[in-house]
Each structure stands twice: as structure tokens, then as C-alpha cells.
Amino acid sequence: MARALRSAEAGAEWCVAAPRTAVLVVRDGEVRFEFVGRAGPEGAWEQALRNAGAGDTLVSPLPPPASQFDQVRAVGPGALVLGSAMPGGLEGLEGVEVRAGILEASCAELNPAVLCGRPWVRLKLAMSLDGRTALSNGASQWITGSDARADVQRLRARSGALVTGVGTVLADDPRLNVRTGDAGIDTVRRWRVVLDSAFRTPASAVLLQEPSLACGPVEIWGTAEAPAQRGECLEVPADPEGRVAIEHVVRELGRRGVQEILFECGAALAGTLLESGLLDELVVYIAPKFLGHRGRGLVELPEYTAVDQAPGMRLVQSRQIGEDVRLILRNV
Ligand SMILES: NC(=O)c1ccc[n+]([C@@H]2O[C@H](COP(=O)([O-])OP(=O)(O)OC[C@H]3O[C@@H](n4cnc5c(N)ncnc54)[C@H](OP(=O)(O)O)[C@@H]3O)[C@@H](O)[C@H]2O)c1
């Protein structure tokens, strides 16, 4: 299972809007075939079942899709080794040894949306040693070094949706695309969304032009009436303050199959996320620079009157990336 997990994880940057998996066909104690689902589990299981013979052991983090149960019966494997529970509908497979729940926690991390019924929500922020994300004039690009920026591209690559706020679009005019240098990965279709209640994003924004659009469409989600003649603008449900409801963003992208959402935004949207209870992971890059006390803060939050009111997270990893430090924090 560890090998199947590694293979599935290695395909994570191709498979961003469907559950990820790999299937091993084991015969006489040896892995004879290995199939990675680059577009979801159907392909990997289909190939494995086509190549498997009676009595083989099939190992996979995810069970076969229901549409392939008949093929499983026809093959008659000797054993099914699965990372999750055996699905209903495959009971009574005579002569098949079933071992379910192997490395269950790691298998669940591979496909968070399968386990928790919604995508994994990750926020990436870059800050200076004094906790600032931008200069007072709004300039923030390239706080961190090239290694950290390349690392961010890997975070983008594994995400099925890249989301930002209109504040960042107006300040930085970002491309919001994936630039790992591997054309196969960079051109995988990912949803790119700007949260922009009043549709302030100019039609001339770089992310709405070619070559950005060659990577897939960009949608502007707002709560006002969407302007006519701007097909990229969609009216979506509002939160109590009239801004785009984060619950809707997560639910809608989950409905589209997204496994992981990456938010890259300024302090306003970052604060909303932190308070929403929907943030699973925060990745912070700390650059060894000072931007000064007039620079912009990391997150906009209400004014707390006691330290125990302040939201916290659990540090799960801290690592040097080039000249910067990367912290990974998760929900407590
Ligand atoms: N260092 C970093 O990691 C980093 C990353 C990105 C940006 N930045 C910097 O951040 C600055 C921009 O910050 P910002 O706070 O203005 O931009 P932002 O967080 O990217 O966007 C905020 C805007 O998003 C809209 N929005 C829609 N729904 C929202 C919701 N539910 N909650 C919060 N906002 C929602 C709001 O505008 P409407 O009310 O009009 O919808 C809000 O003003 C720039 O200087 C940029 O360079 C830094």
C-alpha cells in the first residue's frame, strides 16, 4: 500500500479534480503492473482489471468504482487490499480475501474530499520577519526568494482551484496560473476564481487575457447582479456582510470534483477564511526581510480583548526553502 500511495501521490499534480489513486496488480508476491489514475480512479482500475488474472492481489488506496464491480467479479482476484472501507455492493465475493483500511489515514489525506465531503482548503501567505505581506503602497510581489516561489508553484499544481480576492487582482494584476516548467502539469485544467462582490475586476486584467486563458477559464464570483456581456462574471450567494459566502465557494468547487483549493489572497480574504472554520491548512513563507510597521498585516481580524479569543493553528512542519522558511499549520 505504501508503494500504491507514493504512486498516487506522484500523480497528484495531474489529477486535481477527481479522486486520486493507483492500483497495483500483485502476482506471486511481485508487483506485475502499476496504474496511476491521472484523471480519476476509473482509468486506473479499468487498466488494472484488464491486466489482472484470477487469484491476483489488487492493492489500491481507493476501492473500484461501482461501475466496475462486475469486472472485479469476472476477474476473480485472490485478494483486495484497500486503503478505505470495502464498498457496499461488493459483498459476497467468494474466495476473495478482503483487507480494508490499510494505511487508512494516509489514504484519506490523498483524497480529502472523499473523506470529509468537501475539498481541502489551503491558504498560502508570504510575509516578512515582522509579519508584513506588502509595503504600505501595496507592493508585495517577490517578497520571498526563487526557491520559495517555485515551491508555491507546486502547491498551485496540486490544487484543482486557485482562488484570490479582488484586492489582490487590483493591486498585483496576477496571472494566477501554474508555472512549474512542465507543460503537461501547467496545462491541466484548474478552476481559477476571483471573489469580487461588486465585479470591480477590470476586463483588462492580465488573468482574463491570453496566454492566461489558455490554461483554462477564469470566473469572477460576485454578489451583485453580474454585468451583461461579461460571461466570466457569475452572481453567487452572499455572506451576512454581502460578500461572497466562503461556504458556497468550497461547496461549489467540491461539486466540480476539486480535491484541494488554494487561496492566495490579501489580508481581507485571509481573515475571512481564518474565521470561517473552513481553513484546513495554512502555508506561510517567511522571508528574512523587514517591511516595516507601515507595511500591510497578514490577516484582517476583529479586535480581540483577550488572547484566548484569538484563533490559533497547530504547527505540523517547519522547513527552510532556499533563503526563506516555510511553516505548515493545520486546524487545531
Ligand atoms: N504576501 C502575500 O502572500 C500576498 C498574497 C496576495 C496578495 N497580497 C497583497 O495583499 C494586498 C491586497 O489585500 P486585500 O486584503 O485588499 O485583498 P484580497 O484579500 O485578495 O481581496 C479582498 C477583497 O475580496 C473581496 N471579497 C469577496 N468576498 C470576500 C469575503 N468573503 N471575505 C473577504 N473578502 C472578500 C472583497 O472585495 P469586495 O467587497 O469588493 O468583494 C475584499 O475587499 C495587496 O497589496 C497584495 O499585494 C499579499
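1. A residue is called buried here when its relative accessible area is under 20%. C15, with a relative accessible area of 1%, is therefore buried. Please keep in mind while reading on that this is a predicted model.

2. Staying with the cysteines: how many disulfides does the structure hold? The number is zero. A disulfide is a covalent bond between the sulfur atoms of two cysteines. The pair of sulfur atoms would have to lie within 2.5 Å, but the cysteine sulfur closest to that of C15 belongs to C107 and is 15 Å away, so the two are too far apart for a bond. C116 is in no disulfide either, its nearest cysteine sulfur being that of C107, at 15 Å. C116 has 42% relative accessibility and so counts as partly exposed.

3. Next, the overall layout. The domain assignment divides the chain into domain 1 (2-111) and domain 2 (118-331). Eleven residues from domain 1 and 17 residues from domain 2 take part in the contact, while the C-alpha centres of the two domains are 34 Å apart.

4. The interface deserves a look of its own. About 1100 Å² is buried between domain 1 and domain 2, and carbon and sulfur atoms give 44% of that area. Four salt bridges are found across the interface of domain 1 and domain 2. E13 also forms a salt bridge with R154, where the closest N and O atoms are 2.7 Å apart.

5. You will find G160 in the loop between helix 6 (146-157) and strand 8 (161-165). Is G160 buried or exposed? Its relative accessibility is 0%, so G160 counts as buried. From G160 to A183 there are 23 residues in sequence and 16 Å in space, C-alpha to C-alpha.

6. Finally, the nonpolar cores. The largest has 29 residues, and L123, L195, L253, I261 and F263 are those with the most contacts inside it. Among the elements giving two or more residues to this core are strand 6 (120-128), strand 9 (191-195), helix 9 (246-255) and strand 12 (260-264).

Methods:
Residues are numbered from 1 along each chain as its sequence is written. This is a predicted model: local features need pLDDT of at least 70, side-chain atom pairs count only at pLDDT 80 or more; totals for chains, interfaces and linings use all residues. Side-chain values use heavy atoms; hydrogens and water are left out. Helices (H or I, at least four residues) and strands (E, at least two) are DSSP runs, numbered from the N terminus. Buried means under 20% relative accessible area, exposed over 50%, partly exposed in between (1.4 Å probe, protein chains only). A nonpolar core is a set of buried Ala, Val, Leu, Ile, Met, Phe, Trp, Tyr and Cys residues joined through side-chain atoms within 4.5 Å. Domain bounds come from an automatic or database domain assignment. Contact means heavy atoms within 4.5 Å. Buried area is the accessible area (1.4 Å probe) that two parts lose on being put together, summed over both. A salt bridge is a side-chain nitrogen of Lys or Arg within 4 Å of a carboxyl oxygen of Asp or Glu.
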